[in-house]
Amino acid sequence: METRSAKRRKLRNPNHSSENNTGEDRITDLPDAILHHILFLLPIKLVVQTSILSKRWRTLWHTLPDLDFTSIVPSGTLVKKIGSLNNLRNGSVITRILSLRDKLSDVRSLRFDACMSFSGLQALIRSAVRLGVQELDIRVETSDIFNFPRSLITHDCLRVLKVKACPSFRLPPSRIVRSGFQTLQTLSLSDVYLDKQSSLRDMFSDCSFPQLKKLHLKHCSDLIHLRVGCLVLEELVLKKCPSLQGLEIFSPRLVTLKVSSCFDGFSVTDTWVDINTPRLHTLVWVDNPIASKNCLQNLVCLHEATIGFVLTNLYVDAKKFQSGSPSFLSGLSHAVSLTIERKFVQVLSKNNSLVAILFNPFVKLNSLELQTSEVMDLASVLMVCPMIHTLIIKITYSHKREKELLLDLLNSRREQYWDTKTKDLEPLLHHLKVVKIQGFSEDHIKLVEFLLQHGKVLQDLILGLEINNSTDCHRHEKLKSRIMGFSRSSLDTKLAFH
C-alpha cells in the first residue's frame with residue numbers, strides 16, 4: 001500500500017505530471033456512433049467545420065446518419081431580403097453534399113427547408129432514396145404547384161415522411177398510392193392541392209398504409225370527403241381543412257384524435273361525422289362548425305375530451321345543437337375528463353333545457369374544465385354534472401374592453417347570484433374535492449365564498465391571480481386576507497394562491 005509520503009514525492013516529481021498530461025485527444029478515439037450522436041446535437045454548419053480538426057474528422061461528417069439542414073437558415077427568415085442566404089437554401093447544395101457520401105453510408109434521417117425547382121427536388125429525393133433514407137422531413141418552396149415525388153412511394157425503407165410545401169403539392173392518385181408506402185409509420189402532409197380528387201375515401205386504407213401509426217393532414221383546403229381505415233393507426237390530426245363535409249374514421253387502434261378548424265359551416269348540404277374507434281383515449285374537437293349528422297360509436301376507452309364549436313349564427317347553431325349535438329356528445333359518454341371551450345359554454349348558458357339533455361349521458365365524468373369570460377354562465381352546466389370531483393375554471397377575455405363591459409353589466413347581479421343556486425348545486429357540493437380557478441380577480445370573490453361555505457368535501461381551492469405590477473401585488477394581498485377569513489364548510493379545505 002502506497003504511503004502518504006510516497007504520494008507526495010510522486011506529485012513533486014516533474015516526470016509524473018508529464019506522464020499524465022500527454023495531450024491525448026480522447027474524443028477522437030471514441031467510436032463513430034458516439035461521435036455521430038455528438039455531431040447530431042450541433043448545427044450542420046458547425047458539423048462541417050469539424051472536418052479541419054484532424055485526419056480522422058476530415059470525412060467523419062460524410063457518414064453522419066442524421067442530417068438536419070434546417071439549421072442553416074432559421075425557419076421564417078426573410079431570405080429574399082438577404083441575398084447571400086438564398087444559396088444556403090438552394091437544394092442543389094444539399095444534393096451535392098449527399099453525392100459525397102458512399103453508398104454504404106446510409107442516411108437515417110434527412111430534414112431540409114429549401115427553395116428549388118421541381119426537377120431539383122426530384123434529384124434530391126432520388127439521392128436520399130439511393131442512400132436508404134428512413135425519415136424524411138421536407139419543407140420546400142417552388143415557383144408553382146408540384147407533383148408528389150413518386151420515387152418515395154415505392155421506397156421500401158421509408159418509415160417517416162413529412163412534407164410541407166409552398167404554394168402546395170399534388171397527391172398522386174389512390175391507385176398509385178396503393179402500390180407503395182408499405183413500411184411507412186408516420187405521415188404528415190401540409191398544403192396539399194387535391195385537384196380533381198377532393199374525396200379521399202379509399203386512399204388511407206389498410207391496403208395502402210398497412211403499418212401507418214401517425215397521420216397528420218393540415219391545410220388541405222380542397223378536401224371534401226375523408227375516410228380513414230388504417231388498422232394500426234394510433235394518432236390522427238386534421239387541421240385547417242375548411243371545405244370538409246364528410247368524415248369517416250374506422251381505425252380500431254386509434255388512441256388520439258384531434259380535429260380543428262375543419263368543416264364547411266356555410267355548406268348548403270348536410271355535413272356528417274362517423275367515428276368508430278373502440279380504443280380512443282383522447283379526443284380534441286375544436287373550432288369546428290356543428291355537423292348536421294353525428295355518429296360516434298364504441299368510444300368505450302375515452303378518457304379525455306375537449307369540445308369547442310365555431311358559431312356562424314347563434315340562432316341557427318342553437319337549432320343544430322338540438323338536432324346534432326346530442327348524438328355527438330352522447331358518443332363521448334365514457335369520458336372521465338371533459339373540457340368545454342368558451343364559445344360552447346356561451347351557447348349552453350343560453351339553452352338550459354338543452355344542457356340537461358347533452359350532459360345526461362356522462363356517467364363517468366370525474367373532471368370538468370370550463371373556459372368562460374363570465375363565471376355565472378357556468379351554473380347551468382354545473383347543475384347537470386353533480387358527480388365531478390375536480391373543477392377547473394379558466395376565465396379569459398377576448399379584449400380588455402369586453403372585460404370592462406361585462407363587469408359593469410353584471411356587478412349588480414353578482415352579489416346574490418350564487419346564493420340563489422345553493423339548492424340546485426347541492427349534489428355537486430357533496431362531491432367536489434378540487435377547484436382551480438385561473439384568471440381569478442376580485443370580481444369572482446362571491447364564487448369563492450360560495451364554494452368555501454357550501455363545499456362539504458372540498459379539499460383544495462387553488463386560485464391563479466394575475467399580477468402585472470406592484471399595485472396588483474398590494475391589492476392581491478388584501479384579497480388573500482379577505483378570502484382567508486371566509487367561513488368553511490369543510491375543515492380540510494386548503495387554500496393556495498398562484
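The side chains of Thr282 and His281 are joined by a polar contact of 2.9 Å. A polar contact is a pair of N or O atoms within 3.5 Å; within protein, one must be able to donate a hydrogen and the other to accept it, and residues adjacent in sequence count only if both atoms are side-chain atoms. The model is predicted: local features need pLDDT of at least 70, side-chain atom pairs count only at pLDDT 80 or more, and totals for chains, interfaces and linings use all residues. Residues are numbered from 1 along each chain as its sequence is written, and side-chain values use heavy atoms, without hydrogens and water.

Thr282 sits in strand E14 (residues 282-288); strands (E, at least two residues) and helices (H or I, at least four) are DSSP runs, numbered from the N terminus. Thr282 is buried at 15% relative accessibility. Buried means under 20% relative accessible area, exposed over 50%, partly exposed in between (1.4 Å probe, protein chains only).

Now the aromatic rings. Rings of Phe, Tyr and Trp (its six-membered ring) pair if their centres lie within 6.5 Å; planes under 30 degrees apart count as stacked, over 60 as edge-to-face and the rest as tilted. The count is 12 aromatic pairs. Two of them:

| Pair | Centres | Planes | Class |
|---|---|---|---|
| Phe146 and Phe169 | 5.9 Å | 25 degrees | stacked |
| Trp418 and Phe450 | 5.8 Å | 35 degrees | tilted |

Phe146 in strand E4 and Phe169 in strand E5 are 23 residues apart. Phe146 is buried at 3%, Phe169 at 0%. Trp418 and Phe450 are buried too.
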